Number of protein chains: 2
Amino acid sequence: MAELPVAPCVRILKKAGAERVSEEAGKYFAEVLEEIALEIAKKSVELAKHAKRKTVKVEDVKMALNG
Amino acid sequence: MAELPVAPCVRILKKAGAERVSEEAGKYFAEVLEEIALEIAKKSVELAKHAKRKTVKVEDVKMALNG
């Protein structure tokens, strides 16, 4: 884990209207997003393999989001 | 938009087993994650306000994920 940096995730919370964000909430939000990202990524990779490709393309990510 | 950097998003795809990722797919994946993040963030901010707080806490993000 820990690929997504916390600072941009905190900026997204601020953009959503947060006046303040606790340090723990910023870290937790980044972790949650990374888990969600990994699930979508796994599905995208499966779909690329299913299409007999080694390269993940936009169409794989799009289909991963639909299923 | 464009808070989440593309490189960590590509690393998540690689971690999920991607051999290669097209440049467009990396960018698209980052955009999609940011949209998802913004939705969760908006709900988290609403929940903090609902609890009469100016600070977003872990409990807000947790509840945002449940609803």
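This is a predicted model: local features need pLDDT of at least 70, side-chain atom pairs count only at pLDDT 80 or more; totals for chains, interfaces and linings use all residues.
Residues are numbered from 1 along each chain as its sequence is written, and chains are lettered from A and ligands numbered from 1 in the order in which they are written.

Chain B can be laid on chain A with an RMSD of 0.0 Å by a turn of 180° and a shift of 0.0 Å along the axis, the superposition being by least squares on the C-alpha atoms of residues with pLDDT of at least 70 in both copies. The two copies are thus related as by a two-fold rotation axis. Of the interface residues of chain B, 100% are also interface residues in chain A, so the copies meet through the same surface. For chain A, UniProt, in an unreviewed entry, places the feature "domain: Transcription factor CBF/NF-Y/archaeal histone" at residues 2–65, although such annotations may be inferred rather than shown by experiment. The end C-alpha atoms of residues 2–65 of chain A lie 22 Å apart, and the span is 72% helix and 6% strand, where helices (H or I, at least four residues) and strands (E, at least two) are DSSP runs numbered from the N terminus.

Two packed helices are described by the angle between their axes and the distance between the axes. Here axes are lines fitted to C-alpha atoms, for helices over the stretch in contact, and angles run from 0 to 180 degrees between N-to-C directions. The axes of helix α2 (residues 23–50) of chain A and helix α2 (residues 23–50) of chain B come within 11 Å and cross at roughly 135°. These two helices, α2(A) and α2(B), are therefore oblique to each other, given that angles under 35 degrees count as roughly parallel, over 145 as roughly antiparallel, 65 to 115 as roughly perpendicular and the rest as oblique. Contact (heavy atoms within 4.5 Å) is made by residues including A:Phe29, A:Leu33 and A:Ile36 of α2(A) and B:Phe29, B:Leu33 and B:Ile36 of α2(B). The residues of this contact of α2(A) with α2(B) divide into 12 nonpolar, no polar and no charged, with Ala, Val, Leu, Ile, Met, Phe, Trp, Tyr, Cys and Pro counted as nonpolar, Asp, Glu, Lys and Arg as charged, and the others, Gly among them, as polar.

Helix α2(A) also packs on helix α3 (residues 58–66) of chain B, the axes coming within 8 Å and crossing at roughly 30°; α2(A) and α3(B) are therefore roughly parallel to each other. In this contact, A:Glu24, A:Ala25, A:Tyr28, A:Phe29 and A:Val32 meet B:Val58, B:Val61, B:Lys62 and B:Leu65, giving seven nonpolar, no polar and two charged residues. Leaving aside neighbours within four places in sequence, B:Val58 is in contact with A:Ser22, A:Glu24, A:Ala25 and A:Tyr28.

The axes of α2(A) and helix α1 (residues 6–15) of chain B come within 8 Å and cross at roughly 55°.

Terms used. Side-chain values use heavy atoms; hydrogens and water are left out.
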